[in-house]
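Please look over the sequence and the model shown below before reading on. The report that follows takes up charge pairs, surface patches and backbone angles in turn.

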Amino acid sequence: FLKNYFKKKDLKVVDIGSNEGTYLDFLNDMFFLKKIYCFEPITHLSNKLVKRYNNKDIKVYNLALSNYKGSRKFFEYAVSSTSSLYRQNNMYQSLKKIKSIKKISVNKYDNYFKINNKIDICKIDVQGEDFKVLQGMTKNLKKKNIKLIKIELSFESFYYNTKETFYDIIFFLKKYNYKLISISKIKKKNQKLTFMDAYFEYKK
């Protein structure tokens with residue numbers, strides 16, 4: 001999908017919830033990444049990203065994004081990709097082992113991208129905070145500064161106190177003329193849909 005969408009374009013990428021950098025690696029295998037912005041609250045992972053991509057024009061922020069500026073309790077789980085601003089419920093017992101709980105900084109996307117900074121693709125995978133991240137980027141959504149948004153849609157609640165559903169995300173983006181154009185990485189549990197990645201494009 002992405003090869004067909006971007007052709008041979010050099011990309012400016014925002015990766016929110018970078019974790020180990022798996023998605024960046026995926027993009028880097030297909031495209032020349034001319035500018036990379038990463039947001040990753042786990043310090044040793046953000047340090048790894050700086051080292052691994054030191055030959056690129058990269059900026060790594062060791063914090064989480066949301067819809068406000070402040071601080072929050074952060075749960076780092078043994079499986080780092082499930083780490084979150086929220087405590088896990090009992091959906092996946094095998095993933096519930098907590099490595100650490102600490103206070104981290106949170107901020108808004110709009111506070112980092114204030115000028116007309118055009119982004120080709122923005123990936124959001126933040127384990128329960130996805131809707132609030134979108135709320136924190138409304139100025140950039142209004143300005144049409146992001147061409148393509150990739151976001152994880154959840155069909156089951158994986159964390160306590162996460163109220164927003166995939167419907168909220170779809171309709172919120174629709175308000176800013178972002179339409180769902182592709183899906184990938186569909187995950188199921190007991191034959192029921194649990195997660196999938198969705199791509200939204202700005203369309204007039």
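## Salt bridges

The count comes to 9 salt bridges, where a salt bridge is a side-chain nitrogen of Lys or Arg within 4 Å of a carboxyl oxygen of Asp or Glu. The model is a predicted one, in which local features need pLDDT of at least 70 and side-chain atom pairs count only at pLDDT 80 or more, while totals for chains, interfaces and linings use all residues. Residues are numbered from 1 along each chain as its sequence is written, and side-chain values use heavy atoms, with hydrogens and water left out.

Among these pairs, the side chains of Asp15 and Lys123 meet in a salt bridge with an N to O distance of 2.7 Å. Asp15 lies in strand 1 and Lys123 in strand 7, so this pair ties together parts that are 108 residues apart in sequence; helices (H or I, at least four residues) and strands (E, at least two) are DSSP runs, numbered from the N terminus. Asp15 is buried, at a relative accessible area of 0%, and Lys123 is also buried, at 5%; buried means under 20% relative accessible area, exposed over 50%, and partly exposed in between, with a 1.4 Å probe and protein chains only.

A salt bridge is also formed by the side chains of Lys35 and Asp57, at 2.9 Å from N to O. This pair links distant parts of the chain, since Lys35 is in strand 2 (residues 33-39) and Asp57 in the loop between helix 3 (43-52) and strand 3 (58-61), 22 residues apart. Lys35 is buried, with a relative accessible area of 18%, whereas Asp57 is partly exposed at 41%. In a further salt bridge, the side chains of Lys203 and Glu201 meet at 3.8 Å, N to O; here Lys203 is partly exposed at 36% and Glu201 is buried at 15%.

| Salt bridge | N to O distance |
|---|---|
| Asp15 and Lys123 | 2.7 Å |
| Lys35 and Asp57 | 2.9 Å |
| Lys203 and Glu201 | 3.8 Å |

## Surface patches

Patches are made of residues with over 30% relative accessible area and no salt bridge, with like charges joined within 9 Å and nonpolar side chains (Val, Leu, Ile, Met, Phe, Trp, Tyr) within 5 Å. Lys118 lies in the loop between strand 6 (98-108) and strand 7 (119-124), and Lys118 is partly exposed, at 43% relative accessible area. Lys143 is found in the loop between helix 5 (138-142) and strand 8 (146-154) and is partly exposed at 37%. Not counting residues up to four places away in sequence, Lys143 touches Lys114, Asn116 and Lys118, where contact means heavy atoms within 4.5 Å.

A nonpolar patch is made by Leu180, Ile183, Ile186 and Leu193, with about 320 Å² of accessible area together. Strand 9 (residues 178-189) gives the most to this nonpolar patch, with 3 residues. Ile186 is found in strand 9 and counts as partly exposed, at 48% relative accessibility.

## Positive phi angles

Lys7 has a positive phi of about 55 degrees although it is not a glycine; Lys7 is placed in the loop between helix 1 (2-6) and strand 1 (11-16) and counts as exposed at 54% relative accessibility. Gln191, likewise not a glycine, has a positive phi of about 65 degrees. Gln191 is found in the loop between strand 9 and strand 10 (192-202), and is exposed with a relative accessible area of 72%.

Definitions and conventions:
Accessible areas come from the Shrake-Rupley method with a 1.4 Å probe; for residues, only the protein chains shown count as cover.
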